[in-house]
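Please go through this structure with me in short questions and answers. I have not seen it before.

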Amino acid sequence: MRVGLLGCGIVGTKLVGLINERGPTIEAGSGLRLELAAIAVRSSSKDRGLDLDDSMLTTDAEALVTDPSIDVIVEVIGGIEPARSLILAALKSGKPVITANKELLANVGAELYEAAAANGVDLLFEAAAAGAVPIVRPLRESLLGEDVRRVMGIVNGTTNYILTRMADDGVSYADALSEAQRLGYAERDPTADVGGFDAGAKAAIMASIAFGAQVVAGDVYHEGIGAITQGDIEFARQFSYTIKLLAIAELQDVADGEGSEIGVRVYPAMVPNDHPLASVRGSFNAVFVEGQACGELMFYGQGAGGLPTASAVLGDLVDASLNLRRHTFHPVPSGPRARIRSIDALESAYYIGLTVEDNPGVMSAVAGVLATHDISIKTMQQQEAVPNEDGDQARVALITHTALERDMQATLVDLRRLDDVCDVNSVLRVIGS
Ligand code: HSE
């Protein structure tokens, strides 16, 4: 099976090494010989630390994807273009494609899934959702008959590393981010990770597959982790929670109506310490799936990094090659455009952190505002007041029972209007056990 590789960066380089290393075992097990035929790169003079014949490198990616001597294409360039056009051309030439490109799939996935189906070849993308963690294939295949209700995951290793350092070692957000950048987890511009965009793309991909309806990155409500403070982490600890950046996609029944909507969002949330996701630490990823018949499942592992990502790509490469040999393919269960439930209409429990004047009646006033919006308090705590130039101020933290997002937003407006509320410092959603 002659393999054409588009891109030879961190993942591509590791994939070349893995094909060489694992090739004999794969051949012994399946009779499939993977042969790297050509690699399309932007610059053929760059040293990639690989022992490659110069003739294997080309800067003509268009020619590579339509070369009749190449059987299967791996795309690890990233970004929308030229990846999109190259993948479409490869599919139209009857070549299966393996991609790790979450941005592409989360924006124009449907076009690519349709092109793959129309040409009767595979488009496989296990590496696009949580690196080496097998989640796409279980959702596409093992759980095809399942009524999946919710997919909830920690799908960004950089932010999980930062939050773990903040919680375990008391490191500030800024210091944990700098450290993540030094270790190579976070990019110099960390916005995609810390702003929740990367997790949002993965949420869109997982939602599309889990629910068989097209969800795109723009459908995903997202908040990042930049506002999380040590104060939030301390309160979380006292209430037996851990703060995690979660990607959540769930089916929502439509009241008095037909069918269902999909609620899909990324935000930092308080996860109860006895929930399996609370124990996912450092740069690890995990995806927790809930289905009607299967119950709860969790998939755990390395969500980033050249070698783990290349491992997922190699699995897809073997699968697609075997399918090509058998003249078959795995169709992507992608349906019509999803009906998305807006964040305003989603329900959650909430944690609110406030700074208040230490005056009589403050707690009653705060509780009164919540009651006005029909939001019930589950637990509430005040720390001893600290004197400062404006008088004695205290930190108050409370956790509510389930409420509608739009009611919570109205509550926050009213809380900020209270004379004795100096600041609403934090608002985080709280996950149930
Ligand atoms: N930057 C991502 C992460 C990996 O930190 O998990 C690539 O999606």
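Predicted model: local features only at pLDDT ≥ 70, side-chain atom pairs only at ≥ 80, totals over all residues.

Q: Which residues are around the ligand?
A: The shell around the ligand is made up of one nonpolar, three polar and four charged residues. By name, they are Lys102, Asn156, Gly157, Thr158, Asp193, Asp198, Lys202 and Ala304.

Q: Which helices each supply at least two residues of the shell around the ligand?
A: The shell includes Gly157 and Thr158, as well as Asp198 and Lys202. Helix α7 covers residues 157-169 and helix α10 covers 197-211. The helices asked for are α7 and α10.

Q: How many Å separate a polar side-chain atom of threonine 158 from an oxygen atom of the ligand?
A: A polar contact is a pair of N or O atoms within 3.5 Å. A polar side-chain atom of lysine 102 lies 2.9 Å from a ligand oxygen, and one of aspartate 198 lies 2.8 Å from a ligand oxygen. For threonine 158 the value is 2.5 Å.

Q: What share of the ligand's exposed area does the protein bury?
A: The space that the ligand takes is the largest pocket. On its own, the ligand exposes 260 Å². Of that area, the protein buries 81%.

Q: Is threonine 355 buried or exposed?
A: Threonine 355 is part of strand β13, residues 347-357. Its relative accessibility is 13%, and the cut-off for buried is under 20%. Threonine 355 therefore counts as buried.

Q: Which side chain does a polar contact of 2.7 Å join to that of threonine 355?
A: Threonine 355 lies in strand β13. The partner of its side chain in this 2.7 Å contact is asparagine 425.

Note on methods
Residues numbered from 1 in each chain as written. Heavy atoms only, no water. Near = heavy atom within 4 Å. Polar contact = N/O pair within 3.5 Å; in protein donor to acceptor, adjacent residues only side chain to side chain. Areas by Shrake-Rupley, 256 points an atom, 1.4 Å probe, with all protein chains shown as cover. 1 Å grid on protein atoms, 1.4 Å probe; cavity = no way out; pocket = protein on both sides within 12 Å on 5 of 7 lines; lining within 4 Å. Sits in = over half its atoms within 2 Å of the grid points. Helix = DSSP H or I, 4+ residues; strand = E, 2+ residues; numbered from the N terminus. Nonpolar A, V, L, I, M, F, W, Y, C, P; charged D, E, K, R; others polar. Buried < 20%, exposed > 50% of the residue type's maximum accessible area, 1.4 Å probe, protein only.
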